[in-house]
Amino acid sequence: MKKTVLVSGGAGFIGSHVTVELIEAGYDVVVADNFSNCDRTCYEGVKKITGREDLPLEVMDFCDLAAVKALFAKYPIDAVIHFAAYKAVGESVAEPLKYYKNNLTSFLNVLEVAQEKGGCNVLFSSSATVYGEPDVVPVTENTPRKPATSPYGNTKTMCEDILRDTVKASDGKIKGILLRYFNPIGAHPSALIGELPRGVPNNLVPFITQTAIGKRECLSIFGNDYPTPDGTCLRDYIDIVDLAKAHVFAVTRMMEGKMKQGCETFNVGTGRPVSVLELVNAFEKVNGVKLNYKFAPRRAGDVTAIWADPTLANTEMGWKATRTVEETLKAAWAWEKHLAGK
Ligand code: UFG
């Protein structure tokens, strides 16, 4: 019997890539999204890539408890991967209640319904943001979390705790995995799905590709006076397809009863620090384009350096990032060109 995975926020950047990998691994997937921060492009792209014209789509809001109940009643859901959340750090500082209300309520509803139906496997999309500015890099899963520097980051920390406590109280009925993403970038090699930021991108790679295509005039590199080899920040950029595959490993681990604890945590990163300047240079070189950029003041809230120690995910889940930064930046550029109809 095929197992069914519900992907909340399944039409977004990460959700759409995860849906593809789950289908290719033999899972039935139900995509649920309220399209608050994406359009149908990626959902349509997923159908094309997988040949699944009948891919179930539920347009709904996870803050609506009755809708979540109806969803679980309609499908035989074996696991939930919960992405549905707001994710703009700056906006969360300006509108904290919007973030707490949406990101917490939607997850509480998923857990309440999972509990009501007698249990479920729950995978939560967490973030390296929970480590704050780490004292030691790379970070392992045991590196202490730091107080969040934004309401967005705080919702990740809080949802981690909510899942852990719910698992603990569930008598083994609810199982949980927390995946802490580092910096997901790139696009599917088909160039049919990718990142679709609304308005001015907050994140580095969409800003790079939009500058290269001519949608933005100039990339600002925020800070070149950090205590790093070239003065720009260090991050762990992880290919979106590699990241998506980590979810398949995690879901399978839950389904096959291979977990060692009721709630487990894994870093999803490459273990490779790359500076902003290195990334920009790599983009120019691999794609043969010149990027207009300038150095600008530091951005508030940025940490100097963070990258993953991915050993636990490598050894315990059997997952490993395989793509080079160059391959990933090629895919990101192919996607931007696809969007521009080039
Ligand atoms: N950067 C620039 N110019 C830009 C955009 C980004 O120089 O136009 C730099 C940033 O200063 C940073 C690096 O590129 O050094 C990466 O920035 P991103 O915004 O792409 O990613 P972050 O590391 O800031 O964000 C990640 C996750 C968020 C999470 C955040 C916590 O994407 O989900 O870490 O700090 F909340």
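Predicted model: local features only at pLDDT ≥ 70, side-chain atom pairs only at ≥ 80, totals over all residues.

Colleague: Which residue ranges make up domain 1 and domain 2?

Modeller: Domain 1 comprises 4-185 + 237-268, and domain 2 comprises 204-235 + 271-337. Their centres, taken over C-alpha atoms, are separated by 24 Å. In contact are 31 residues of domain 1 and 29 residues of domain 2.

Colleague: What area is buried between domain 1 and domain 2?

Modeller: The buried area is about 2,600 Å², and carbon and sulfur atoms give 65% of it. On the side of domain 1, the residues that lose the most area to domain 2 are Ile185, Tyr237 and Asp242, together 27% of what that side buries.

Colleague: Why is the pair of Asp242 and Arg323 called a salt bridge?

Modeller: The closest N and O atoms of Asp242 and Arg323 are 3.0 Å apart. The criterion asks for a side-chain nitrogen of Lys or Arg within 4 Å of a carboxyl oxygen of Asp or Glu, so the pair qualifies. Across the interface of domain 1 and domain 2, the rule finds four salt bridges.

Colleague: How many salt bridges does a search of the whole structure find?

Modeller: The search finds 25 salt bridges. One of the pairs that meet in a salt bridge is Asp302 with Arg235, at 4.0 Å from N to O. Asp302 lies in the loop between β13 (293-296) and α10 (311-317), and Arg235 in strand β9 (residues 234-235), so this pair ties together parts that are 67 residues apart in sequence.

Colleague: How many aromatic pairs are found in the whole structure, and why is the pair of Tyr86 and Tyr99 called tilted?

Modeller: Five aromatic pairs are found. The ring centres of Tyr86 and Tyr99 are 5.4 Å apart, with the planes at 55 degrees. Centres must lie within 6.5 Å, and planes under 30 degrees apart count as stacked and over 60 as edge-to-face, so this pair is tilted. Tyr86 is in the loop between β4 (79-82) and α4 (89-94), whereas Tyr99 is in helix α5 (residues 96-116), so the pair ties together parts that are 13 residues apart in sequence.

Colleague: What makes the backbone at Pro138 and at Phe35 worth noting?

Modeller: Most residues other than glycine have a negative phi, and most peptide bonds are trans. Val137 and Pro138 are joined by a cis peptide bond, with omega about -5 degrees. Pro138 is placed in the loop between β5 (120-127) and α6 (151-168). Phe35 is not a glycine, yet has a positive phi of about 55 degrees. That residue, Phe35, lies in the loop between β2 (28-33) and α2 (41-50).

Colleague: With which residues is Ile49 in contact, leaving aside its neighbours within four places in sequence?

Modeller: Ile49, which is placed in helix α2, is in contact with Val20, Glu24, His188, Ser190, Leu192 and Ile193. Ile49 and Ser36 are 13 residues apart in sequence and 23 Å apart in space, C-alpha to C-alpha.

Methods: Residues numbered from 1 in each chain as written. Heavy atoms only, no water. Domains from an automatic or database assignment. Contact = heavy atoms within 4.5 Å. Buried area = accessible area lost by both parts, 1.4 Å probe. Phe/Tyr/Trp six-rings, centres within 6.5 Å; stacked < 30°, edge-to-face > 60°. Helix = DSSP H or I, 4+ residues; strand = E, 2+ residues; numbered from the N terminus.
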